[in-house]
Amino acid sequence: MKVGGLFAGIGGIELGFKKAGFDIAWANEIDKNASITYRLNHKHKLFEKDLNDLQTSEVEPVDVLTGGFPCQAFSIAGYQKGFRDDRGNIFFQILRFVDDLEPKIIFLENVKNLVSHDKGRTFKRICSELEDRGYTLKYKVLNSAEYGDVPQNRERIYIVAFNDKNVAERFSFPKPKKLTKKVTDLIEKSVEDRYYYRNSRYYEQLKEEMKNRDSVYQWRRVYVRENKSKLCPTLTANMGTGGHNVPLIIDEKDIRKLTPRECARFQGYSDNFKFPPKLSNSALYKQIGNSVTVPVIEAIAREIKKATDV
């Protein structure tokens, strides 16, 4: 089955579907830096342009249309304007592709808060728009730590819509899997000095409170927060800009932030995934924070394949 990806980022959804045995026909991404990383790791066609400008006649028809559409409009951290926000209105661009390409399956990913946004009206609208087009929907909130065997606390809603009700009835979301990986399993043994916090004005307080090497900490404006679940907190797009979103650890040498490679591991990317050498770390942190947890996508994609292969 062929897959076309909207809002591809660095290609986490495409990579998950590819690992599950799907063929990726094309993808679309507007961000210049993310597109550089995408092309370094994927060989299929990437349309680097605003989705509003991408014509459905330009792309090959596909069986599965995917999209991790912009979540800022619906997230707790954002302004929660929803469909009044331009980033929320992008959902109707997805519908343009649905109407013209008529994919058998639609796969969407977004923040957990999408379900409760605007007292549930936003999510109800999304569902009704797809149902009015003849799709049967299945959706569920999955945590990466419970379904991807990666020690990151990342809850996202996954929506899978089928134009064949029988296929929809055969589909089930994957079952939880035991978490075998620990935070320390993903930490590099030796990193450059620039990642250490020795020169930070918060260093003394961090040093006093950060004691456990198997925990990930965060500076929360006026105090140090330890993630006592022994999981990495949800990685965000702005974790490379400083402030309270930066994941911090203590290693054999001292206190430091996670490297881009470590963050990629917490999203389930293998070390074979390539980073463009000329991109800044801040760009890489943004790309990884905006991405998806690849093993979770792969697990869902395998269930989709199982339902369609009957």
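The buried residues of helix α11 (buried meaning under 20% relative accessible area, with a 1.4 Å probe and protein chains only) are V294, V296, I297, E298, I300, A301, E303, I304 and A307. What covers them includes α1 (12-19), β5, β6, α6 (144-147), β7 and α7; helices here are DSSP runs of H or I with at least four residues, strands are runs of E with at least two, and both are numbered from the N terminus. Helix α11 covers residues 294-308, and at 1.5 Å a residue its 15 residues should span 21 Å, which agrees with the 21 Å between its end C-alpha atoms; the expected span is 1.5 Å times one less than the number of residues.

This is a predicted model, in which local features need pLDDT of at least 70 and side-chain atom pairs count only at pLDDT 80 or more, while totals for chains, interfaces and linings use all residues. Residues are numbered from 1 along each chain as its sequence is written, and side-chain values use heavy atoms, with hydrogens and water left out.

Seven strands form an open sheet with mixed pairing, in the order β3-β2-β1-β4-β5-β7-β6, where two strands pair if DSSP finds at least two bridges between them. The edge strands, each pairing on one side only, are those listed here.

| Edge strand | Residues |
|---|---|
| β3 | 45-47 |
| β6 | 136-143 |

Direction ignored, neighbouring strands of this sheet are turned by 20° against each other on average. Within the sheet, β4 (residues 64-67) and β5 (residues 105-111) run parallel and are joined by four bridges, and G67 has L108 of β5 as its bridge partner.

Helix α5 (residues 121-131) packs on the sheet, where it touches β5, β6 and β7, and its direction makes about 140° with that of β6; contact means heavy atoms within 4.5 Å. The axes of α5 and helix α4 (residues 91-101) come within 11 Å and cross at roughly 10°, axes being lines fitted to C-alpha atoms, for helices over the stretch in contact, with angles from 0 to 180 degrees between N-to-C directions. That makes α4 roughly parallel to α5, a term for angles under 35 degrees. Residues F91, F92 and L95 of α4 meet R125, I126, E129 and L130 of α5 in this contact.

Finally, D164 lies in the loop between β7 (155-162) and α7 (165-170). The relative accessible area of D164 is 33%, so this residue is partly exposed, a class that runs between under 20% for buried and over 50% for exposed. The C-alpha atoms of D164 and D254, which are 90 residues apart along the chain, are separated by 56 Å.

Technical notes. Angles under 35 degrees count as roughly parallel, over 145 as roughly antiparallel, 65 to 115 as roughly perpendicular and the rest as oblique.
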